[in-house]
Amino acid sequence: MAILARADLESLLRVRKLDRTLVPAREHRESIPTGLSTLDKTLGGGLPRGELSEIVGPRSSGRTTVAFGAMRSAGESGELSALVDTFDRFDPESAAAAGIRLAGLLWVRGESAIDPVPALERAVKAFNLVLQAGGFAVAALDLADVAPSALRRLPFTTWFRLARAVEGRRTAALIVAPDHLARSPGGVTVVLEAAPRWVGSSDRARICEGLWVHPSVSLLPAS
Amino acid sequence: MGAPERIVVACLLSPTAPAERLADVARAFSPRVECRSDCVLVDVSGLGRIVGEPPVVARELLREARTHGIDAVVAVAATRMAATLCARCQVPGAWCERVPGAWQVPGAGYAIVIPQGREREAVSELPLSVLSVFGFAEELPTLDRWGLRTLGELAALPPADLHARFGAAGLALHRAACGRDDRPLVPNVDPIRFEASIELEWPIDGLEPLSFVLARLLDPLSTALEQADRGASAITLTLTLTTRERVSRRLELPAPMRDARTLRTLLLLHLESHPVTGAGEEASGFNGGIDRVAIDIEPTPARIVQYSLLERALPSPETLSTLIARLEAIMGAGRVGAPALVDSHEPGAFTISRFGDLVISRFSDRQITKSQDHQMILRRFRLPVPARVDLDCGRPVRVTTLRRGLAGGRVLERAGPWRSSGGWWDRKWNIDDWEVALPDGVYRIVRDRDSNRWCLAGILD
């Protein structure tokens, strides 16, 4: 009975062209893997294309690593990626060491401005343009170092506009942020917690080899 | 569907008239004219219905030359080589058909026609010395020592033996002696200029009215480019202001393109991101107005794209160029592109290159660096954050910064130092790198060994 009622409601929404909040069938969605096997398994293959997803977590939780893992997967399949770097934090050397094909990465550099609000507004505009242009497998907006007060000054419709821009495209739109911001109805929120993996006994011999990542995924139930 | 019409070439040669004047005569019959140093070759195939058979064409060519006051020799053959050889020799071969009424008229030149398939016989009686103008001057003494005097004697030799003696030149000699071509006729094409300009009745000011003017200029240029199968490799916009000042902007395009809308958008975005006026004036103004707008396009062969069933389609160069121009208008020039590493050990050294070029050549750059999974990525502070670091036996134990949002704290884990130095001739660095785990994350901190100052270089994430 509940299933029938839900189907009736969804068909009514489609007739009225209000079906944007409906979650598409997840098993038919295209996705792009992140390289983290546990996370990809949970996500059913990877981050969904055509949706706005977010990767959130505190500092050194592996947010950038996961986002760059998706970009590496895109490069391995010969596709392009785009990174809107709000505060110019991208380090090409470590990205290349992580396997990202730099030639296929469009890097949009922001500025390390004292006033973050103009830099944030420019970055959101640039991200919107990238999504509208299409042709990228992964497009990421790096908001990891943006203060929550600056994020709150953005109009709430910003995220609807971004979700609308990526809808129906083959781009997996990502927002890297310290806390939950927004996602499209079919997008996912990947919450990361991680611990650094130190190897070696003495200071000189020790190295921070990587992260023990513990992802948890928040997503709406499949229809 | 019938067989394709054979190519018939006429050679006009005159010892007195320059090739340019002969070309004027030839262009009255066909646009496909190849100019040589002292003669011209014209493709007269297809003139059967307009002028007549080859003998008639030869006679008409000779008549046209006479009207221009040129004493010319006309030879019509199925090959360039046969026509040229017969025209150069004052005594044509026995197989040449002398055109009635155009043969050996004193002071008026002559015309001959070589029947198709008889080129070898037509040139067989010509002397070998005629080949000297075709670049075989070095081989002629050798042929003379062999006792060869005519092209027919040379054509009778086996080509393989000539190749054994002369190499590739031997085969070329044999082809010439047989009256065969080594290449087709290549018509001279006058370079087409793709430029347009407009004098405005009333001066315009601002980008919006300029957009309409650019559309009016670019639409016919785009059509002309398409008809000529060309694309624009660079576009130059010249604005003449009411102050008689001329402003010129040149856009180098990453790939040949001819879409008028894309070109207009790129020009407008360039003007928007690089305003014409000074700092104190309105960014979209043009010092009172624009009097004249001129566009000059540098053409290049159009782009041929072969799509693949196995490769994912990439965005077109037009889309990428427009996107990058729009992004640069927002973020600033030089802040959009593809990152690239430089050959240096300097921390944080990189360069940024144009993105479109790399995408176009992606199939030659499929090298992917394999590395460890889940390697930590450095989020680099482009401007290092000054920090105060407490040491215990030379090891960091506490990090403090004044930057809001970077609290610092007690060092939980550390690794290092890794020493690096270099660039003493230019941008010197002499540093110790540490990686330290603070309560809110893993940081890379750096000590400048010369000044003994500490700073945060980035966060591992």
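Over how many bridges do strand β8 and β9(B) of chain B pair, and in which sense, parallel or antiparallel? In this predicted model, β8 (residues 230–241) and β9(B) are joined by eight bridges in the antiparallel sense, and the views below begin with the sheet to which both strands belong.

**View 1. The open sheet of chain B contains four strands in the order β7-β10-β8-β9.** The pairing in this sheet is antiparallel. Strands β7 (194–204) and β9 (246–257) of chain B stand at the edges and have a single partner strand each, so one side of each is left without a neighbour in the sheet. On average, and with direction ignored, neighbouring strands of the sheet are turned by 15 degrees against each other.

**View 2. The largest nonpolar core has 122 residues, with members including A:Val84 and B:Ile445.** The members that touch the most others are A:Val84, A:Val108, A:Phe127, A:Val130, A:Val138, A:Leu174 and B:Ile445. Helix α5 of chain A (residues 116–133) gives the most to this core, contributing 10 residues. When residues up to four places away in sequence are not counted, A:Val130 touches A:Ala82, A:Val84, A:Phe136 and A:Ala139, as well as B:Leu323.

**View 3. The contact between the chains draws 56 residues from chain A and 55 residues from chain B.** On the side of chain A that touches chain B, at least two residues each are supplied by α3 (63–76), α4 (92–97), β5 (105–109), α5, β8 (189–199) and β9 (207–218) of chain A. The residues of this side of chain A comprise 26 nonpolar, 16 polar and 14 charged ones.

**View 4. Strand β5(A) pairs with strand β11 of chain B.** Two bridges link β5(A) to β11 (residues 336–340) of chain B, and the sense of the pairing is antiparallel. A:Val108 stands opposite B:Val336 of β11(B), and A:Val108 is also among the residues that touch the most other members of the largest nonpolar core.

Methods
Residues are numbered from 1 along each chain as its sequence is written. Chains are lettered from A and ligands numbered from 1 in the order in which they are written. This is a predicted model: local features need pLDDT of at least 70, side-chain atom pairs count only at pLDDT 80 or more; totals for chains, interfaces and linings use all residues. Two strands pair if DSSP finds at least two bridges between them. Axes are lines fitted to C-alpha atoms, for helices over the stretch in contact, and angles run from 0 to 180 degrees between N-to-C directions. A nonpolar core is a set of buried Ala, Val, Leu, Ile, Met, Phe, Trp, Tyr and Cys residues joined through C-beta atoms within 7 Å. A residue is buried if 20 or more other C-beta atoms lie within 10 Å of its own, exposed if 12 or fewer, and partly exposed in between; C-beta atoms are placed from the backbone. Two residues are in contact if their C-beta atoms, placed from the backbone, lie within 7 Å. Ala, Val, Leu, Ile, Met, Phe, Trp, Tyr, Cys and Pro count as nonpolar, Asp, Glu, Lys and Arg as charged, and the others, Gly among them, as polar.
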